[in-house]
Structure formats: structure tokens, C-alpha cells
Amino acid sequence: MAQAIVGLGNPGPEYRDTRHNVGQRVVDQLARRLHARFARETGHQVAQTEWQGEHLFLIKPICFMNVSGPAVARVSRKLALEPADLVVVFDDLDLPLGKVRTRMKGSAGGHHGVQSVIAALATDAFRRVKVGIGRPAPPGQERDRVVDHVLSPFYPDEREAIESACTLAGDLALKLVEGGV
């Protein structure tokens with residue numbers, strides 16, 4: 001039985017180091033750690049590897065965050081993966097910078113990329129690893145500041161915290177693959 005860890009983000013080098021691309025950063029870290037190489041396919045990049053005897057795909061959709069769902073659904077069908085076989089990794093504004101949390105299912109919590117995945121899969125029953133990027137303003141205030149925040153790179157004094165968080169997020173994603181929490 002195969003499983004997949006999906007890192008959400010935005011395409012292109014201009015977004016690579018932004019807060020919104022933390023999910024892809026985690027998957028890139030896992031690829032290096034597991035010596036897996038990505039192959040570009042239509043709408044996504046996929047690396048194949050094994051973890052604890054399980055066949056594991058590392059997936060990076062090549063689309064904008066807010067429309068990730070159709071790409072995740074397509075690659076899932078192509079690889080014969082059910083929603084329960086997926087671990088989706090993404091940024092979370094409502095968690096403090098560097099905090100990491102897992103969930104087994106649930107709402108999108110205001111995250112448009114996760115909402116797109118839920119809509120495309122027609123279920124919220126997939127595992128998640130959320131990486132805190134902090135919030136620039138109180139919830140519901142200054143929407144423009146939130147957009148600028150998620151599309152900005154980390155400050156130099158935040159880089160150590162986010163690298164540690166990405167490592168922890170990768171560890172937790174692999175634990176979910178193993179069946180743990």
C-alpha cells in the first residue's frame with residue numbers, strides 16, 4: 001500500500017522561500033533526507049521512495065496554493081491513492097511561528113489551499129501537518145497585510161525557528177505514514 005506526503009505552495013522561484021511555501025519546503029527536506037529525486041509531471045512534481053517498508057510518494061503540486069485541490073485529486077487518482085493515504089503539509093497563520101500541529105481530518109480553518117483540496121477530494125478525511133507562520137494582524141483585520149505576510153520571505157531572525165519547524169513537520173509526517181500521531 002502506498003502513501004503520499006503532499007507539500008502545498010506556489011509555483012516559481014519568486015515564491016520558493018515565502019511563508020506560503022512551507023509545505024513544499026518540508027517535502028523538499030524530506031526528499032533530501034530520503035534521497036528521493038523529483039520528476040516533473042503534468043501539474044505536479046513527484047518523488048518516489050520508501051519509508052519503514054512503505055512505498056511513499058512526495059508530491060509538490062505545480063499550481064497556485066488556492067487552487068491546489070484539482071492537482072492533488074488528479075495525482076491521487078493517477079497513483080491510486082485514497083484521501084486517507086495522504087498527509088498534506090501547509091502553512092498556518094493561526095499558529096505561532098515555528099509551532100507544528102497535526103490533525104487527522106477537519107475543516108480548512110480558513111486556509112484556501114486546504115479548502116480547495118477538501119472540495120476536490122469531496123472529503124476532509126485526510127491527515128494534515130500544519131506549520132505555524134504567525135499572523136501579522138488580529139484575525140479579520142487588515143486582509144492586505146495577511147496576503148503580504150504569507151507571500152513574504154522569513155526574516156533572518158526567523159530562519160532558525162522555521163528550519164527546526166520544517167524538520168519537526170517532516171518527522172511528524174513520517175510518523176503519520178507509520179500510523180502514529
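**Walking through the fold**

Residues 24 or more positions apart account for 69% of the contacts in this chain that have a separation of 6 or more, where a contact means heavy atoms within 4.5 Å. The model is predicted, and local features are described only at pLDDT of at least 70, side-chain atom pairs only at pLDDT 80 or more, while totals for chains, interfaces and linings use all residues. Residues are numbered from 1 along each chain as its sequence is written, and side-chain values use heavy atoms, with hydrogens and water left out.

The chain contains five helices and seven strands. Both kinds of element are DSSP runs, numbered from the N terminus: a helix is H or I over at least four residues, and a strand is E over at least two. Starting at the N terminus, the order is β-α-β-β-β-α-β-β-α-β-α-α. The radius of gyration is 15 Å, close to the 16 Å of the globule rule for 181 residues, so the chain is as compact as a globular protein of that length. This radius is taken over C-alpha atoms, and the rule is 2.2 Å times the number of residues to the power 0.38. Along the principal axes, the C-alpha atoms fill a box of roughly 45 × 35 × 30 Å.

Next comes the division between inside and surface. Of the 181 residues, 52% are buried. Buried stands for under 20% relative accessible area, exposed for over 50%, and partly exposed for what lies in between, with a 1.4 Å probe and protein chains only. The chain exposes about 8800 Å², and carbon and sulfur atoms supply 51% of that area; the areas come from the Shrake-Rupley method with a 1.4 Å probe, and for residues only the protein chains shown count as cover. There are 23 positive and 21 negative side chains, and the centres of the two sets lie 2 Å apart. In this count Lys and Arg are positive and Asp and Glu negative, with His and the chain ends not counted; each charge is placed at NZ of Lys, CZ of Arg, CG of Asp or CD of Glu.

Which residues touch the most other members of the largest nonpolar core? They are I5, V22, V26, L56, L58, V129 and V131, in a core of 31 residues. A nonpolar core is a set of buried Ala, Val, Leu, Ile, Met, Phe, Trp, Tyr and Cys residues joined through side-chain atoms within 4.5 Å. Two or more residues of this core come from each of α1 (22-33), β3, β4, β5 (86-92), β7 (127-132), α4 (143-150) and α5 (159-178). Helix α5 gives the most, with nine residues. Apart from this core lies another, of 21 residues, including A2, I59, V75 and V88. Beyond its neighbours within four places in sequence, V129 has contacts that include V87, V89, F90, A169, A173 and L176.

Helix α3 spans residues 112-121, and its buried residues include G113, V114, V117, I118 and L121. An α-helix has 3.6 residues a turn, so residues three or four places apart point the same way. Among the elements that cover the buried residues of α3 are α2 (68-78), β5 and β7.

Helix α3 is followed by A122, whose phi is positive, near 60°. Most residues other than glycine have a negative phi. A122 lies in the loop between α3 and β7 and is exposed, with a relative accessible area of 69%. H35 also has a positive phi, near 55°. Its place is the loop between α1 and β2, and H35 is exposed at 73%.

Is L34 buried or exposed? L34 sits in the loop between α1 and β2 and is buried, with a relative accessible area of 13%. Leaving out residues up to four places away in sequence, L34 touches T49, W51, L56 and L174.

Two more positions complete the tour. A39 belongs to strand β2 (residues 39-41) and is partly exposed, at 38% relative accessible area. Its contacts beyond four places in sequence are H44, Q45 and V46. Q52 is in the loop between β3 (44-51) and β4 (54-61), and counts as exposed because its relative accessibility is 58%.
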